[in-house]
Amino acid sequence: MLTVEPIIRASGLSYGKFKETVRTNHRNILRARKGPMSVALADAWCRRIGRHPAEVYGLTVWLQALRSGDL
C-alpha cells in the first residue's frame, strides 16, 4: 500500500512547502496519509519533488504497486 509518508520524508521540505510543491491541500495529504494512494498520484507527487517513485518507495514496493493495477 502506497502512502504519502515516504514522499514527505524524501522531499526534505517543511509541511507547507511540501503542499505547495506537490500542489495539494491539507485534506488531500490527510487522505494520502491514511492510504492507499493511487499509483498515479504517488507518481505525480514524486515527480513534483524531483524524485522517481522507485527511489522514494524502493524498487520492489513500486513494482508491486504497478502490478496491482491501481492506476
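**Close-up 1. Aromatic pair of Phe18 and Trp45.** A search of the whole structure finds two aromatic pairs (rings of Phe, Tyr and Trp, the last by its six-membered ring, with centres within 6.5 Å; planes under 30 degrees apart are stacked, over 60 edge-to-face, the rest tilted). Phe18 and Trp45 form an edge-to-face pair, 6.2 Å centre to centre with 85° between the planes. Phe18 belongs to helix 2 (residues 15-22) and Trp45 to helix 4 (residues 39-48), so the pair ties together parts 27 residues apart in sequence; helices are DSSP runs (H or I) of at least four residues, numbered from the N terminus. Phe18 is buried at 1% relative accessible area, and Trp45 is buried at 3% (buried is under 20%, exposed over 50%, partly exposed in between; 1.4 Å probe, protein chains only).

The model is predicted: local features need pLDDT of at least 70 and side-chain atom pairs count only at pLDDT 80 or more, while totals for chains, interfaces and linings use all residues. Residues are numbered from 1 along each chain as its sequence is written, and side-chain values use heavy atoms, leaving out hydrogens and water.

**Close-up 2. Salt bridge of Arg33 and Glu5.** The whole structure holds four salt bridges (a side-chain nitrogen of Lys or Arg within 4 Å of a carboxyl oxygen of Asp or Glu). In one of them, Arg33 meets Glu5 at 2.4 Å, N to O. Arg33 lies in helix 3 (residues 26-34) and Glu5 in helix 1 (residues 5-11), 28 residues apart.

**Close-up 3. Salt bridge of Arg47 and Asp43.** The closest N and O atoms of Arg47 and Asp43 are 3.0 Å apart. Arg47 is exposed at 53% relative accessibility, whereas Asp43 is partly exposed at 23%.

Notes:
Helices (H or I, at least four residues) and strands (E, at least two) are DSSP runs, numbered from the N terminus.
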